[in-house]
Amino acid sequence: MNNSAFFFQGNNLLLPAGVPDTQMDSAISLDFAREFNKSEFDQIDVFEIPAVKGDRTITCVSLSPEYPLPAAWRAVPIRQGISLLNAGLTDGGPSIAYAQKPSIGRLLRAFHIAQWRRESRFCGSCGAKNTESPGELARLCPVCGRQEFPRISPAVITIIINDEDKALLAHNKKFLSGVYSLIAGFNEAGENLEATVVREIREEVNINVRDVRYIASQPWPFPNSLMLGFSARYASGTIRADGVEIEDAQWFSRDALPKLPGTGSVSRYLIGRWIAGSL
Ligand SMILES: [Zn+2]
């Protein structure tokens, strides 16, 4: 085991006193695990995640949601942390390549796997208690032999640009008041990503697009997504928000923008690329 670890509970990273939020992508000493009562079996999962090539192994301590936090520890929502850690990195602009710091990749990988372990303790086929699959990152059912690997669910997010060089931005019911962002949705079984882009836009704002082009991606394990960022050109149709997910959608020019999503997200990066004229 490494002597440093990430500590997780639910969608939060746990930090002890003295470690600021800005360091949440650095693992902390595993000695801190002594502050947790390991006799409460099943509530604390301490495990090591194999390295991907060129990186190192990651140790994790994952607490069940019911486990009471020791005094002086605090829970920091990981989504919020990603914005903080990525701030300034993904503002867009033609000269700024979209790149994620390796330390953020490690944190997200650890969080994704920790979540998956909590959700894969039992076999999804026969219900028996899973064991570890030797030599690989997988669960193994000792009764029926079913293996379960960490799942990654692709989702697309698209900046749509019309012939006047305006971008379509939409307000989703889940967004904070006044915030407009891009159309997004999950890939369906049997569908390629380009078809997902076309279908989601058609469903949510009633227009047709062409020239679907992949731009950049971002791991988004809330839960287990990978966001794939695209651009597309307006082809036909009149905007009509679906009223279910999307409350309002409009064409915006660069000089009259609404409130945008926070930096650090692939959506903000795509919008930034359009603002900079590099799409
Ligand atoms: Zn089974």
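Trainee: Leaving aside its neighbours within four places in sequence, which residues is A170 in contact with?

Mentor: A170 is in contact with Y180, S181, I183, V205, A241, I246, D248 and A249, once neighbours within four places in sequence are left aside. Two residues are in contact if their C-beta atoms, placed from the backbone, lie within 7 Å. Please note that this is a predicted model, in which local features need pLDDT of at least 70 and side-chain atom pairs count only at pLDDT 80 or more, while totals for chains, interfaces and linings use all residues. Residues are numbered from 1 along each chain as its sequence is written.

Trainee: Which residues have the most contacts inside the largest nonpolar core?

Mentor: They are I160, A170 and V205, in a core of 28 residues. A nonpolar core is a set of buried Ala, Val, Leu, Ile, Met, Phe, Trp, Tyr and Cys residues joined through C-beta atoms within 7 Å. Buried residues have 20 or more other C-beta atoms within 10 Å of their own, exposed ones 12 or fewer, and partly exposed ones fall in between, with C-beta atoms placed from the backbone.

Trainee: And which elements give two or more residues to this core?

Mentor: Those are β10, β11, β12, α3, β14, β15 and α4 (266–275). The largest share, five residues, comes from α4. Helices (H or I, at least four residues) and strands (E, at least two) are DSSP runs, numbered from the N terminus.

Trainee: What about β11, then: how many of its residues are buried?

Mentor: Five of the six residues in β11 are buried. β11 pairs with β15 in the antiparallel sense over six bridges, and H171 has D248 as its bridge partner in β15. Two bridges join β11 to β10, again antiparallel. Strands count as paired if DSSP finds at least two bridges between them. In the hairpin of β10 and β11, five residues lie between the strands, and D165 takes a positive phi near 65 degrees.

Trainee: Turning to α3, which of its residues are buried?

Mentor: In α3, T196, V197, E200, I201, E204 and V205 are buried. Seen down the axis of α3, these residues fall within an arc of 120 degrees, so they line one face of the helix; the arc is that of the directions from the helix axis to the C-beta atoms. Their cover includes β10 (153–161), β11 (167–172), β12 (183–186), β13 (208–221), β14 (224–236) and β15 (246–252). Just after α3, N206 takes a positive phi of about 70 degrees.

Trainee: What does α2 pack against?

Mentor: The buried residues of α2 pack against β1 (4–9), β4 (44–49), β5 (58–63), α1 (78–86), β13 and β14. Among those buried residues are I104, L107, F111 and A114.

Trainee: A change of topic: what is the strand order in the open sheet of three strands?

Mentor: The order is β7-β8-β9, with antiparallel pairing. β7 (131–132) and β9 (147–148) are at the edges with a single partner strand each, so one side of each has no neighbour in the sheet.

Trainee: Finally, where does pLDDT stay under 50?

Mentor: It stays under 50 over residues 90–97, for which the model has 18 contacts beyond four places in sequence. pLDDT is the predictor's confidence in each residue, from 0 to 100. The protein chain averages 89, and 93% of the residues score at least 70.
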